[in-house]
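Here is a friendly briefing to read with the structure open beside you. Take your time and look up each part as we come to it.

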Amino acid sequence: MPVEMLLEVHDLVKVFRRARAVDGVSFSIPKGRIVGLLGPNGAGKTTTIHMLLGLITPTSGRIVYFGREFPRHRAACLQRINFASSFNTLQGRISVWENLAVFARLYGVRAPRAKIESLAAYFGVTALLHARYWDLSAGERTRVNLIKALLNDPELILMDEPTAALDPDIADKTLALIEEIRRVSGVSILYTSHDMHEVTRICDDVIFLDRGRIFAHDTPLGLTKRIPTATLALTFDGDRAAVERFLAERGERFRFTQPFSVSIETTEQAIPSLIFDVATVGVWITDIDVKKPTLEDVFLTIARGPRRVD
Amino acid sequence: MSTERITGVLLQEVFITRRSLEVIVDLFYTSAVTVVVFGFVSRYLVGVTHQSAGSYLLLGLLFWEVIRVNQYSLTVGSLWNIWSHNLSNMFVAPLSVTEYIVAHLLSALIKTFVIFCGICAVAAWGFHFDVLRLGALNVAMFFANLTVFAWSVGLVLLGVIFQMGTRIQALAWGMIFLFQPLTAAFFPVSALPPAVRAVAYALPPTYVFEAARRALDVPGVNWAFVGIASAENLVYAALAIGVFSWMVARSRSSGRLARAEG
């Protein structure tokens with residue numbers, strides 16, 4: 001059975017005067033997937049999201065939601081998606097209830113009172129419904145923003161750094177809520193973030209943008225596997241000079257972090273034999289720590305260059 | 001065009017107006033205090049000059065408020081969303097720019113009508129100046145013409161704000177006063193220097209204020225002035241819609257619409 005695509009982006013380009021902010025970006029989001037859009041500052045993530053929402057007009061390229069061209073079928077497309085961002089807040093002067101009532105109208109929600117009440121109960125903000133939005137904490141605002149993003153039962157939510165500016169505890173709870181939303185409703189999400197742990201945790205696929213271009217699109221695991229190196233940290237009792245001599249003879253890249261602790265940059269496959277061989281030079285290994293590459297390493301490799309990880 | 005979405009924006013306007021002391025002060029309070037001050041000044045002028053000077057002043061103020069309140073409501077109504085970083089949220093909903101503007105025009109019209117009725121009541125009750133002396137038809141036509149002119153100015157200002165962001169937000173409540181002397185709101189056009197009169201006659205409210213003053217002295221509808229004002233208003237409205245549409249398209253292209261809040 002063919003996979004249903006909720007969003008297809010074809011060769012999207014945005015040129016601001018002299019700068020090519022987005023340069024031929026193409027990707028698609030299948031039903032039920034969470035796709036992460038990552039990249040260093042200025043990579044083109046937010047510009048891409050804004051084009052997908054119709055806030056910025058693309059220079060060229062096509063955006064297709066649910067098989068319908070955007071923005072030609074703007075209202076019909078936007079009716080089935082929603083947006084949450086830590087950078088956009090709701091109207092601060094008015095209450096949470098009033099804000100949500102306005103958006104319920106804008107999205108044509110049937111039985112808006114019941115919808116708002118049930119979502120407020122789900123997110124644990126029923127007691128805040130009549131508080132002014134400005135008076136809420138950052139974590140409470142994030143939950144209210146997520147309610148706004150779910151009012152129209154969207155099939156796809158675009159999230160632009162929804163946990164930015166949240167403390168780690170609230171960010172973790174927010175992520176748990178997003179995971180729960182996905183589990184319950186099966187909604188697809190396009191998720192931008194700088195936090196690699198978040199992305200590793202919730203995204204099925206990751207698109208890396210750099211200088212407006214996609215140069216890696218894979219699962220989080222697949223991306224980390226593109227960095228072949230891992231770091232082996234050994235602590236030992238015995239002759240340090242013998243270990244140093246042995247590693248140098250093998251041509252390993254290493255450095256001593258403590259007098260009897262050495263950090264060796266090697267490949268994942270070489271780690272078992274390396275541990276065994278070090279033990280044969282007459283030292284007693286007291287601690288082993290293996291640090292595998294993370295998505296953050298991929299990100300840093302991209303952000304600092306070289307420009308390709310594959 | 002969806003009436004439900006227009007109602008949604010109107011609902012937001014009701015909520016903001018109800019909860020914002022600034023809106024209440026800028027619109028209702030300022031209008032009420034100004035009409036009282038102008039009422040006393042006109043009462044004083046009646047004693048020292050002649051009856052018409054005082055009446056012209058109060059009449060000018062009542063109709064000037066139609067322009068000020070309409071334009072302020074239209075432009076500042078959107079600034080509330082920009083200040084709250086909520087404008088993007090509005091436009092990523094199925095709401096179109098046209099629906100958004102129609103809602104703000106309606107909101108401005110309702111606020112202006114309520115305030116106009118209120119200050120006319122204060123003028124009648126406190127200073128024995130009954131605006132209906134001009135005739136209900138005159139008042140309705142003057143109100144309509146001044147409203148359309150205010151909307152045109154407001155629409156252009158809104159387009160400029162969408163294009164340039166909040167750094168020029170002061171124009172939203174300050175720009176309109178440029179038209180107060182140019183449209184001869186409180187005095188006959190003949191009081192203006194000849195060079196400025198040409199500018200004045202290019203502005204629809206000038207004909208409205210002139211027609212209103214004449215109607216005070218000689219009852220009846222000045223169809224010529226009303227006709228010219230309406231024709232000029234049509235041109236201004238068409239230009240304003242064109243400029244606004246162009247500004248919105250440019251701000252979408254330059255990315256400024258998305259960054260207007262920042």
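**Chain A at a glance**

Among contacts in chain A between residues at least 6 apart in sequence, 71% join residues at least 24 apart; two residues are in contact if their C-beta atoms, placed from the backbone, lie within 7 Å. This is a predicted model, in which local features need pLDDT of at least 70 and side-chain atom pairs count only at pLDDT 80 or more, while totals for chains, interfaces and linings use all residues. Residues are numbered from 1 along each chain as its sequence is written, and chains are lettered from A and ligands numbered from 1 in the order in which they are written.

- Chain A has 11 helices and 14 strands; helices (H or I, at least four residues) and strands (E, at least two) are DSSP runs, numbered from the N terminus.
- The C-alpha trace of chain A spans about 75 × 45 × 45 Å along its principal axes.
- Of the 310 residues in chain A, 40% are buried (20 or more other C-beta atoms within 10 Å of a residue's own; 12 or fewer is exposed, and in between is partly exposed, with C-beta atoms placed from the backbone).

**Strands in chain A**

- Strand S1 (residues 5-16) and strand S2 (residues 19-30) of chain A pair in the antiparallel sense over 9 bridges; strands pair if DSSP finds at least two bridges between them.
- A:Val13 has A:Asp23 in S2(A) as its bridge partner.
- The hairpin of S1(A) and S2(A) has 2 residues between the strands, and A:Arg17 takes a positive phi near 50° there.
- An open, antiparallel sheet of 4 strands in chain A has the order S12-S13-S11-S14.
- Its edge strands, S12 (253-258) and S14 (284-291) of chain A, each pair on one side only.
- Helix H10 (residues 271-279) of chain A lies across S11, S13 and S14 of chain A, at about 160° to S14(A); axes are lines fitted to C-alpha atoms, for helices over the stretch in contact, and angles run from 0 to 180 degrees between N-to-C directions.

**Where the chains meet**

- The contact takes 27 residues from chain A and 28 residues from chain B.
- H1(B) gives the most to the side of chain B that touches chain A, with 9 residues.
- That side of chain B divides into 11 nonpolar, 13 polar and 4 charged residues (Ala, Val, Leu, Ile, Met, Phe, Trp, Tyr, Cys and Pro count as nonpolar, Asp, Glu, Lys and Arg as charged, and the others, Gly among them, as polar).
- The axes of helix H3 (residues 96-106) of chain A and H1(B) come within 7 Å and cross at roughly 165°.
- H3(A) is therefore roughly antiparallel to H1(B) (over 145 degrees; under 35 is roughly parallel, 65 to 115 roughly perpendicular and the rest oblique).
- Residues making this helix contact include A:Ala101 and A:Leu106 of H3(A) and B:Leu11 and B:Phe15 of H1(B).

**Backbone details to look for**

- Most residues other than glycine have a negative phi, and most peptide bonds are trans.
- A cis peptide bond, with omega about 10°, joins A:Phe70 and A:Pro71.
- A:Asp153 has a positive phi near 50°, and A:Asp153 counts as exposed because it has 12 C-beta neighbours inside 10 Å.
- B:Ala184 also has a positive phi near 50°, but B:Ala184 counts as buried, with 26 C-beta neighbours inside 10 Å.
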